[in-house]
Amino acid sequence: MSLAATPARPATYRQVFALVEARVLLGTQVLSLVGDLLATVALTVLVYTNTGSTVLAAATFAIGYLPWVVGGPILAALADRLPWRRTMVACDLIRAGVVGLLAWPGIPLPILLALLFASALVAPPFEAARSALMPVAIPGDAFVLANSLQSVLRQTTQVAGFLIAGVLVALLNARGALLADALTFALSAAAIRLWIKHRDAPPKHPERRSLLQETVDGMRLVLGHKVLRPYLILAFITSGCVYASEGLSAPFAKHLNGGGPQVIGILLASIPIGEAIGAIVLGRFASPTLRPKLVVPMAIMSGCVLVPIALDPPLPVVSLLYALSGFGVSCMTIVNANYVRAIAPQFRGRAFGVAQSGLQISQGVGVLIAGALASVLLPPHVVALCGAAGALGIMLLASAWPSVKLQDEAMEHPATGPVGKVSA
């Protein structure tokens, strides 16, 4: 079965799922996401039950993001030194062992937090290796569709995952849930080892270089490239402004006639639902030639549709506008796919680390700014301001946005900039 797609016809789901490696990569992603959500809920419950501290419970929830912020690009660069399959299997086995230790009865809190951080440290190299492998294992337009499907699976798993995780933690207790999470990592490692083909490590630089030097090389390559740099800026602006609204879910729910947890859940689910729908539409029904033309308009739309929330509409309207914003954000599935394909394999791990760390920082800063504004403004006004800021930022970026021809050339000739010089 051919994986080639004509300009008028995108790849199909049948073509994607015909590939064993595609099924394994997508299936293990869901398995790991469910396990991570299970562990997040279990550890938060365990820490709060034992300490009664909301601060420590929140710290437990957030600690998994810390490695991306403090060392994501450096850790992700490991994926450019080692074979991708070996990296992924090793990371999964390490996480299986560490998470299993977290279930040990009576483990002191400092050790628990240290183990949790250690487990999070192997996420960047795993995700970087996975990101670098996907366009090789799933070639052509099938990769674009697989990338959009990956976004759909991530969003739907997150929407349903916390509900499922809460039920399972109640049934298994926190330590049982942690053992179940360890099992998901072990199963993922086994599936990757059995059904993902071995590929040699990406070509190494002729000179012996430290991990930090290689990371800097990757950052210079990405930030100095006239196609990759605007991709990153668009991602940072869009995610930072749109997802800032998630940090206001609790006060916004209270503002909406004193809404409680159910309203918070609706607000948190609306953007991911819209994003999942948009990813399906773009990946399956938009032609390969049309997709890049939709990116900037959809990114602008993701901010613009939040502006009417300043009128303080009721919950159904807010939820609909959130979903439309998520639909606009789904353009990032196209940006993500093109970003990876425009980078030579030996730089993909580092490039992924730069992008992922930047996204974590931009989202965190967006939430902090939104929270500060909410201390002096009503939540709907803050959400509207965030949307307007995002739309304005993308409009300014549009003047420097690369042409479709330039983007195609970047993917045909992936960036490999030598030391001291950056290709464009």
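## Helix packing and local features

Gly 100 touches Leu 179 and Ala 182, leaving aside residues up to four places away in sequence; contact here means heavy atoms within 4.5 Å. Gly 100 lies in helix α5 (residues 84-102), where helices (H or I, at least four residues) and strands (E, at least two) are DSSP runs numbered from the N terminus. In sequence, 83 residues separate Gly 100 from Leu 183, yet their C-alpha atoms are 8.4 Å apart in space. Gly 100 counts as partly exposed because its relative accessibility is 24%; buried means under 20% relative accessible area, exposed over 50%, and partly exposed in between (1.4 Å probe, protein chains only).

The model is predicted: local features need pLDDT of at least 70, side-chain atom pairs count only at pLDDT 80 or more, and totals for chains, interfaces and linings use all residues. Residues are numbered from 1 along each chain as its sequence is written, and side-chain values use heavy atoms, with hydrogens and water left out.

Axes are lines fitted to C-alpha atoms, for helices over the stretch in contact, and angles run from 0 to 180 degrees between N-to-C directions.

| Helix pair | Angle | Axis separation |
|---|---|---|
| α7 (residues 123-137) and α16 (residues 345-373) | about 125° | 8 Å |
| α9 (residues 211-223) and α16 | about 75° | 9 Å |
| α4 (residues 66-76) and α7 | roughly 50° | within 8 Å |

With an angle of about 125° between the axes, α7 is oblique to α16. Angles under 35 degrees count as roughly parallel, over 145 as roughly antiparallel, 65 to 115 as roughly perpendicular and the rest as oblique. α7 passes α16 in a right-handed crossing; a crossing is right-handed if the near helix is turned clockwise from the far one by less than a right angle, and left-handed if anticlockwise. From α7, Glu 127, Ala 128, Ser 131, Ala 132, Pro 135 and Val 136 meet Arg 348, Gly 349 and Phe 352 of α16. This contact comprises five nonpolar, two polar and two charged residues. Ala, Val, Leu, Ile, Met, Phe, Trp, Tyr, Cys and Pro count as nonpolar, Asp, Glu, Lys and Arg as charged, and the others, Gly among them, as polar.

For α9 and α16, the angle of about 75° makes α9 roughly perpendicular to α16. On the α9 side the contact involves Glu 214, Thr 215, Asp 217, Gly 218, Met 219, Leu 221 and Val 222, and on the α16 side Phe 347, Arg 350, Ala 351 and Val 354. Six of these residues are nonpolar, two polar and three charged.

α4 crosses α7 at roughly 50°, and the two helices are therefore oblique to each other. Their crossing is right-handed. Pro 67, Trp 68, Gly 72, Leu 75 and Ala 76 of α4 make the contact with Ala 123, Pro 124, Pro 125, Glu 127 and Ala 128 of α7. By class, eight residues are nonpolar, one is polar and one is charged.

The structure holds zero disulfides, a disulfide being a pair of cysteine sulfur atoms within 2.5 Å. For Cys 386, which is in no disulfide, the nearest cysteine sulfur is that of Cys 241, 6.3 Å away. Cys 386 is buried, with a relative accessible area of 10%. Cys 91 also counts as buried, at 6% relative accessibility.

Asp 312 has a positive phi of about 60° although it is not a glycine. Most residues other than glycine have a negative phi. Asp 312 is in the loop between α13 (291-304) and α14 (315-329), and its relative accessible area of 37% makes Asp 312 partly exposed.
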